[in-house]
Amino acid sequence: MVVFLFSCEKENIDDTITDVATEKTVFQRAVNYDDFKSNKELFRIIAKNDNSTTQNRPGDGQPIELDYASGVYLDDHEYHSYTFPLLNPPVGENLTNVFFSFQPDGSYRIFIVEYGHTAREIERLKLDGTITSELFTYTEVDENYQALYDVQCTTITMTFSWCTEGNHPGGYPADPDCEASASDTVSYGTFCEGVGSDSFPGSSYPTSNGSTHSGGGGGSNQSTTPTTGCKGKNCLDYEISLILGYLNLSNELIDVVNNLNQSTQVEILNFIQQNLDENGSVLPEAGAFAEEVVNVLNQNPDTEIDFQNRNILHPSFKNNQKAKCVYDKLKGLSNTIFNDIIDESFGSLKNSNIQFEIGNIPAQLPPNLDAYTNTNYDENNVLGNNDNTIKIRFNPAFIQNASTIEIALILIHESIHAELTNRAIKLGIIKSVNPLGYTIFSNDIEYELQGIIFKQLLVNYNAFPPNSNSDWQHDLFNVLNYRDEMIENLLNIHPWLNDSQNDYLSNINNDLTGIGTPFTLTELFGYLSWIGLEETQEYQNQILNDTQSLSEKVYVEYATKTHYTNNCN
């Protein structure tokens, strides 16, 4: 088999060449997006061991970083291969390629090929010179890039000369103005000899003892981190290649990924790789979030992505100083505060992908809502328009008039709604739900214990027809102790939001019109935590049917709007 030498220079390498040993026509081109989008086996191998280290070969322990932008695909209609230069060989080490050789069973054998010259020498390749033979080494490795064996082959090399002094526009010693010259030797095309039934294990090419012309390439092999810059489908960059392998994106979204700045590409890739299963595949919810990130950045490039909490901040929310400030204050408690809230409330990690936005509340919903949580889901996805996120929309009037602690409360409250909805969908309890909250429940038997318990709670709180209690989620806030967790959350965030020069607790307890004073912060936030839960049975039992408790709750809710700071800095 012909082994081609490629370096990191981005150039137009599309070409058709003839292997003189087999008289086969071989087509070569740059690796492109479709290779990683459609060839899942190739992607699986590459993504599985991104940044793996080599063992049992020269340069042991060096990370494997492939230069995807300079990859080359070869195809003769019966056999194909992919070759990628190693992006980060040690300084001064010879040029090294990683070669993926297609097998009849659909798998790939992997070879690390080290040539006899550095990238600097190869960069100066000229069209004339003396062809000689020289040894090079290839190492077959497994999918973890651990060596199986080493083999030395004979490579065709070129010795060439070029001008070093004088006026030499052509650069060759034959130029009359060339005063002095120098020479160098580089690897160009190669055949392996004496390696069994084929010249390179796994290839369909027979051993050849002849010489051949091959369409190699010049260029430098840079020891740098990957950079972006590909703006067309004839090249492929590092982050882009892996993102496309993990996600099944439309051509439109592929172009979006390609045009993202590199820092965003890296954030998307890091997020994906932190959310893989034991087989190296992206977890469904994480994949849906990453795809939605690309989609929203296409629609609204000004969108902010909170990868650590799997939240999307729509420009309407991100650009609202007050709402965004409260959000950031919550994150000041912990970078993963929204994950932490769900973990503390549910006893397991956050599943829901959330988008926060500010906008008008649909007229079909009850008036004067502070916010509402919505999604579009159908278990059969007949229309193909299921949402990848659950949207939390805030009423603009609420954001403008509310105190900062109320905004924090609603952020937490609605995040729990989103998680409840997501979990009910994943457990198969919800068959469909539309953006206005109309929900169809499943009557199928749920054998998973968590689902059985969850469903029984919904039965107890009349969520299912014919009762169809629309407040079933709020009932779960009480029975599953989510409200208690919310009180703790408010106690934790209070020092970050409170104006010490206009202290909330002091204002309340010094209010001459106060009802039930003096209060502790826990008592105040306990009353606030009932906001939105007024239709639940527990509220009626604990607050509505107790005149003193009801009076105190009404007072605390009103007094918080006037005595808690409205500003966030």
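The legends below describe close-up views of a predicted model.

**Figure 1. Overall content of the predicted model.** The protein contains 19 helices and 18 strands. Of its 569 residues, 52% count as buried. Among contacts in the protein with a separation of 6 or more, 63% are between residues 24 or more positions apart.

**Figure 2. The hairpin of β6 and β7, with β5 alongside as a further partner of β6.** Strand β6 spans residues 96-102 and is mostly covered, since 6 of its 7 residues are buried. Strand β5 (residues 80-85) pairs with β6 in the antiparallel sense over 5 bridges. Strand β7 (residues 108-114) also pairs with β6 in the antiparallel sense, here over 7 bridges. F99 of β6 has T83 opposite it, and its bridge partner in β7 is F111. In the hairpin, 5 residues separate β6 from β7, and G106 in the turn has a positive phi of about 90 degrees.

Figure 3. The 5 strands follow the order β11-β12-β13-β16-β14, and their pairing is mixed. At the edges stand β11 and β14, each of which pairs on one side only. From one strand to the next, the twist averages 20 degrees. Strand β16 (residues 390-394) and β14 are antiparallel partners joined by 4 bridges; within this pair, Y372 has R393 of β16 as its bridge partner. Helix α7 (residues 284-299) lies across β11, β12 and β13, and runs at about 10 degrees to β12. In general, strands of a sheet pair through backbone hydrogen bonds, either parallel or antiparallel.

Figure 4. Most residues other than glycine have a negative phi. The accessibility of the two residues can be set side by side. R310 has a relative accessibility of 10% and therefore counts as buried, the cut-off for that class being under 20%. N368, in contrast, has a relative accessible area of 73% and is exposed, a class that begins over 50%.

**Figure 5. The three-stranded open sheet β15-β17-β18.** In this sheet of 3 strands the pairing is antiparallel. β15 (377-378) and β18 (439-441) each have a single partner strand, so one side of each is left without a neighbour in the sheet. Strand β17 (residues 430-433) is joined to β15 by 2 bridges, and the two run antiparallel. D378 has S432 of β17 as its bridge partner.

**Figure 6. Packing of helices α9 and α15.** Two packed helices are described by the angle between their axes and the distance between the axes. Helix α9 (residues 321-333) packs against helix α15 (residues 482-497) at an angle of about 115 degrees, and the axes are 9 Å apart. Their crossing is right-handed. On the α9 side the contact involves V326, K329, L330, G332 and L333, which meet N492, I493, W496 and L497 of α15. By class, the residues of this contact comprise 6 nonpolar, 2 polar and 1 charged.

**Figure 7. Packing of helices α17 and α19.** Helix α17 (residues 521-528) and helix α19 (residues 547-563) have axes 9 Å apart and pack at an angle of about 95 degrees. The angle therefore makes α17 roughly perpendicular to α19, a class that covers 65 to 115 degrees. L524, Y527 and L528 of α17 meet S549, E552, K553, V556, E557 and T560 of α19. The residues of this contact divide into 4 nonpolar, 2 polar and 3 charged.

**Figure 8. The cis peptide bond from T517 to P518.** Most peptide bonds are trans. The bond from T517 to P518 is cis, with omega near 0 degrees. P518 is placed in the loop between α16 (504-509) and α17.

Technical notes:
Residues numbered from 1 in each chain as written. Predicted model: local features only at pLDDT ≥ 70, side-chain atom pairs only at ≥ 80, totals over all residues. Heavy atoms only, no water. Pairing = 2+ DSSP bridges. Axes fitted to C-alpha atoms, helices over the stretch in contact; angles between N-to-C directions. Left-handed = near helix turned anticlockwise from the far one by under 90°. Contact = heavy atoms within 4.5 Å. Nonpolar A, V, L, I, M, F, W, Y, C, P; charged D, E, K, R; others polar. Parallel < 35°, antiparallel > 145°, perpendicular 65-115°, else oblique. Buried < 20%, exposed > 50% of the residue type's maximum accessible area, 1.4 Å probe, protein only.
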